[in-house]
Amino acid sequence: MDPTDGDLVTVLGMFRYRMEPRLSACGISFDWAVNDMPELNDVGPKKALQVLRIVQEAINNVIKHANASTIRLETGST
């Protein structure tokens, strides 16, 4: 995944597209509540990738350890 412009909504949307089949195969539903976020001028590709990696690790930990039936990913503006 190449977060070329640092747009977190786009990066997370691409992540959702990749993860939903994996979660479904594990019997986990993905409750997606990613809304428009305020413009974050200092989020470039490197920081967007760091956010993506944190979200990936959190979801992998849920899959491995939580025995969850639903994962909710939510964003919002401040």
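Biologist: With which side chain does the side chain of T70 make a polar contact?
Modeller: This is a predicted model, so the contact is a computed one. The two side chains come to 3.0 Å. The partner of T70 is S29.

Biologist: How many salt bridges does a search of the whole structure find?
Modeller: One of them joins R16 and E20. Another joins R72 and D31. E74 and R72 also form one. The search of the whole structure gives a total of 3.

Biologist: Why are R16 and E20 separated by about one helical turn?
Modeller: R16 and E20 form a salt bridge, with their closest N and O atoms 3.3 Å apart. An α-helix has 3.6 residues a turn, so residues three or four places apart point the same way. R16 and E20 lie about one turn apart because both belong to helix α1 (residues 8-25) at a spacing of 4 residues.

Biologist: Are R16 and E20 buried, partly exposed or exposed?
Modeller: R16 has a relative accessible area of 28%. E20 comes to 31%. Both values fall between 20% and 50%, so R16 and E20 are partly exposed.

Biologist: How far apart are the closest N and O atoms of R72 and D31?
Modeller: R72 and D31 form a salt bridge. The pair links distant parts of the chain, 41 residues apart: R72 is in strand β2 and D31 in strand β1 (residues 29-33). R72 is partly exposed at 46%, and D31 is partly exposed at 31%. Their closest N and O atoms are separated by 2.7 Å.

Biologist: Which residues are linked in a network of salt bridges?
Modeller: R72 pairs with D31. R72 also pairs with E74, at 3.1 Å between the closest N and O atoms. E74 counts as exposed at 52%. The network is made of D31, R72 and E74.

Biologist: Which element gives the largest share of the largest nonpolar core?
Modeller: This core has 17 residues, and those with the most contacts inside it are F15, L23, F30, I59 and L73. The elements giving two or more residues are α1, β1, α2 (45-65) and β2. The largest share, 6 residues, comes from α1.

Biologist: Why are the buried residues of α2 on the same side?
Modeller: The buried residues in α2 are A48, L52, V55, Q56 and I59. On the other side, K46, I54, K64 and H65 are exposed.

Biologist: Which elements do the buried residues of α2 pack against?
Modeller: I59, one of the buried residues of α2, is among those with the most contacts inside the largest nonpolar core. The packing partners of the buried residues are α1, β1 and β2.

Biologist: How far does α2 reach from its first C-alpha to its last?
Modeller: α2 has 21 residues. At 1.5 Å a residue, the expected value is 30 Å. The computed reach is close to that, at 30 Å.

Biologist: Which residue takes a positive phi just after α2?
Modeller: The phi there is about 50°. The residue is N67.

Technical notes:
Residues numbered from 1 in each chain as written. Predicted model: local features only at pLDDT ≥ 70, side-chain atom pairs only at ≥ 80, totals over all residues. Heavy atoms only, no water. Polar contact = N/O pair within 3.5 Å; in protein donor to acceptor, adjacent residues only side chain to side chain. Salt bridge = Lys/Arg side-chain N within 4 Å of Asp/Glu carboxyl O. Buried < 20%, exposed > 50% of the residue type's maximum accessible area, 1.4 Å probe, protein only. Core = buried A, V, L, I, M, F, W, Y, C linked by side-chain atoms within 4.5 Å. Expected span 1.5 Å × (residues − 1). Contact = heavy atoms within 4.5 Å.
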